[in-house]
Amino acid sequence: MAKCKTKQLEFASCQNLKVQADFHGGEVSSDGGLLLIREVERRLNLLKRASEILPDPRNPELITHTRYSQICQRVFSLVQGYEDLNDHQSLRNDTLLQTVAGQKDILSSPSTLCRMEAQGNRHCAKALNELLVEVFIESYTQAPEELILDFDATDDPVHGQQEGSFFHGYYGHYCFLPLYVFCESQPLCAWLRPANTDPARGSWAVLKMLVSRLRQVWPQTKIIFRADSGFCRWRMLRWCENNGVKYVVGFARNARTKAANQDLLEKAATQHQATGEKQRHLRAGTYQAKSWDRPRNLITKVEHNEHGPNLRHVLSNLEGTPEEIYDEIYCARGDMENRIKEQQMGLFADRTSCQRWWPNQLRLLESTLAYVLVDGLRRLGLKGTDWASKQVTTLRCQLLKVGAVLIRNTRRVLVHIASSWPGEEIYRHAHQRLRQSSE
């Protein structure tokens, strides 16, 4: 269908030259970096396997767009910053997006993609989370000596009267409460949960599943469960002790622990008053609540600064000094919180605006698949460079969002990337590494 010619846009002149613009540039894309993401997908074979998991009740004889092209279209667009399905009314005509999605013609419409997401269910969500674990295992060429599994929950604000939405007192609004599990930079689980639940709900089952699968592959690898006080459940800790899993978990302070460490609190306060500098002390001990089966090792941190006292606790069955366990192991979990923020803010994990529950779970997992691809770009294509530590929003702005002119004929798709683009060197570096790793 032919498009009507629109009037040119007039801008301020430059050195007596007219400056005009229109929207008739032809086969031009602003997403030239998608070719690198496609190479990551070829290396990981992530979206191909995900497409085989997604339910597809359509008549095979009437299918125009495969599940693979649809999941590619959706996930690649998230990587490039297009969070809304309505964006695909125009994006479906983008030649570069068509190419990386494995199509030669127009892609799926927003309504078609919406119907795909509406097919999400519990089995699909479980299988996609298991796929995340398999991709993680494949990222190692030999058994790691140690793996730290980071568990955390966060708020996912709702967009109206959605199925499973509840008010959460801590966050102060209506939301979902998804559970995330990361190991270093790689996601192992993203499970949507209602907000009217225990923060640790389902984490025991997830931990058992992860430990079982990882030990099938690496029976000698040391596994550490790390989480904040929201996941401190003594039966879960007992399971870790009985199954050879180490743990370092936050423990909420109470009147008993405050009284037991009153001497340290007073000492830190006196030293701060005398010096004006922050004072810090660590102490190792044991603690047993009335409902627990036995005492457990408790590490206490006492600080006093200009804002006053700060008392914190950690339960752990790791061997080492309090400083090693608290500073080097427990505090490092803050990086996992950064990963969650990166996925939510940069890859729209909180764009769970469907009315029904399981489509929202699928959207959370689509964002997680996008994160795996971006993290794969950092690990495989940008390793050894300063770019390997850049967040997704920076990578998108400086590496993936680049103008390109496309020429497509019966023999090839030629992508002309902008000549004066400053990211050419790192783009070539990433391309070389990704092609080497996939050949």
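A cavity is a set of grid points where a 1.4 Å probe fits but cannot get out, and its lining residues have an atom within 4 Å of a point. The views below are taken from a predicted model.

**View 1. The second largest cavity and the residues that line it.** Asp-31, Leu-34, Ser-77, Gln-80, Tyr-82, Leu-91, Asp-94 and Leu-97 line this second largest cavity, and the space within the second largest cavity comes to about 40 Å³. Sorted by class, the lining of the second largest cavity holds four nonpolar residues, two polar residues and two charged residues. The count of cavities of 30 Å³ or more comes to two.

**View 2. The largest cavity, with H3 and H14 contributing to its lining.** The volume of the largest cavity is about 40 Å³, and the residues around the largest cavity are Arg-74, Leu-78, Leu-347, Phe-348, Arg-351, Arg-363, Glu-366 and Ser-367. Helix H3 (67-79) and helix H14 (357-381) each provide at least two residues of this lining, with H14 giving the largest share, namely three residues. Four of the lining residues of the largest cavity are charged, three are nonpolar and one is polar.

**View 3. The largest nonpolar core and the surroundings of Leu-399.** This core has 67 residues, of which Leu-46, Leu-47, Phe-76, Leu-373, Leu-377 and Leu-399 touch the most other members. H14 supplies the largest share of this core, 12 residues. A second, separate core has 39 residues, among them Leu-147, Ala-200, Cys-240 and Ala-289. When neighbours within four places in sequence are left aside, Leu-399 is in contact with Gly-33, Leu-36, Leu-377, Leu-382, Trp-387, Thr-394, Trp-421, Ile-426 and Tyr-427.

**View 4. Helix H2 and the helices against which its buried residues pack.** Within helix H2, which covers residues 46-53, the buried residues are Leu-46, Leu-47, Arg-49, Ala-50 and Ser-51. The buried residues of H2 pack against helix H1 (34-44), H3, helix H7 (122-138) and H14. Two of these buried residues, Leu-46 and Leu-47, are also named among the members of the largest nonpolar core that touch the most other members.

**View 5. The open sheet with the strand order E3-E15-E16.** Three strands make up this open sheet, and their pairing is antiparallel. Strand E3 (28-29) and strand E16 (413-417) stand at the edges with a single partner strand each, so one side of each is left without a neighbour in the sheet. Between E3 and strand E15 (residues 404-408) the antiparallel pairing runs over two bridges, and Val-28 stands opposite Val-405 in E15.

**View 6. The open sheet with the strand order E5-E7-E6.** This open sheet, too, has three strands with antiparallel pairing, and its edge strands, strand E5 (156-157) and strand E6 (166-168), each pair on one side only. E5 and strand E7 (residues 173-176) are joined in the antiparallel sense over two bridges, where Asp-156 stands opposite Phe-176 in E7.

**View 7. The hairpin of E1 and E2.** Strand E1 (residues 9-14) lies largely in the open, because the number of buried residues among its six is zero. E1 pairs with strand E2 (residues 17-21) in the antiparallel sense over four bridges, and the bridge partner of Leu-9 in E2 is Ala-21. Two residues lie between the strands of this hairpin, in which Gln-15 takes a positive phi near 55°.

Notes: Residues are numbered from 1 along each chain as its sequence is written. This is a predicted model: local features need pLDDT of at least 70, side-chain atom pairs count only at pLDDT 80 or more; totals for chains, interfaces and linings use all residues. Side-chain values use heavy atoms; hydrogens and water are left out. On a 1 Å grid over the protein atoms alone, a cavity is a set of points where a 1.4 Å probe fits but cannot get out, and a pocket is an open set with protein on both sides within 12 Å along at least five of seven lines; lining residues have an atom within 4 Å of a point. Grid points are joined across faces, edges and corners, and a volume is the space filled by probe spheres set on the points. Ala, Val, Leu, Ile, Met, Phe, Trp, Tyr, Cys and Pro count as nonpolar, Asp, Glu, Lys and Arg as charged, and the others, Gly among them, as polar. Two strands pair if DSSP finds at least two bridges between them. A nonpolar core is a set of buried Ala, Val, Leu, Ile, Met, Phe, Trp, Tyr and Cys residues joined through side-chain atoms within 4.5 Å. Buried means under 20% relative accessible area, exposed over 50%, partly exposed in between (1.4 Å probe, protein chains only). Contact means heavy atoms within 4.5 Å.
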